[in-house]
Amino acid sequence: EDDDDETLHRKLVAAKIARKRAEEDMKLLNNRISLLKQEEQKAWKKIDEKKQRAKDIIGQRERNYEN
């Protein structure tokens, strides 16, 4: 019976450690996802700025061509 109690105790401790590790991993993954979303927003902003710049350049060329 002592072995059973000791075994159960070791299993409980191992389960607690595994749960804590899983929670830490979840926090790290959530942080990584947040950072990636921020990077995605920055990338889309740059894409939009480049598209606008290209429109401006094309418009300027068309105006220059007409003159």
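How many positive and negative side chains does the protein chain have, and how far apart do the centres of the two sets lie? We'll get to that, but a quick word on the model.

It's a predicted model, where local features need pLDDT of at least 70 and side-chain atom pairs count only at pLDDT 80 or more, while totals for chains, interfaces and linings use all residues. Residues are numbered from 1 along each chain as its sequence is written, and side-chain values use heavy atoms, with hydrogens and water left out.

Okay, the charges: there are 18 positive and 16 negative side chains, and the two centres sit 12 Å apart. Lys and Arg count as positive, Asp and Glu as negative, and His and the chain ends aren't counted. Each charge is placed at NZ of Lys, CZ of Arg, CG of Asp or CD of Glu.

What about burial? Buried residues make up 1% of the 67 residues. Buried means under 20% relative accessible area, exposed over 50%, and partly exposed in between, with a 1.4 Å probe and protein chains only.

Let's pick two residues. Ile-33 lies in helix H1, residues 2-66, and is partly exposed at 42%. From Ile-33 to Arg-53 is 20 residues in sequence and 30 Å in space, C-alpha to C-alpha. Lys-46 is in helix H1 too, and counts as exposed because its relative accessible area is 56%.

Note on methods: Helices (H or I, at least four residues) and strands (E, at least two) are DSSP runs, numbered from the N terminus.
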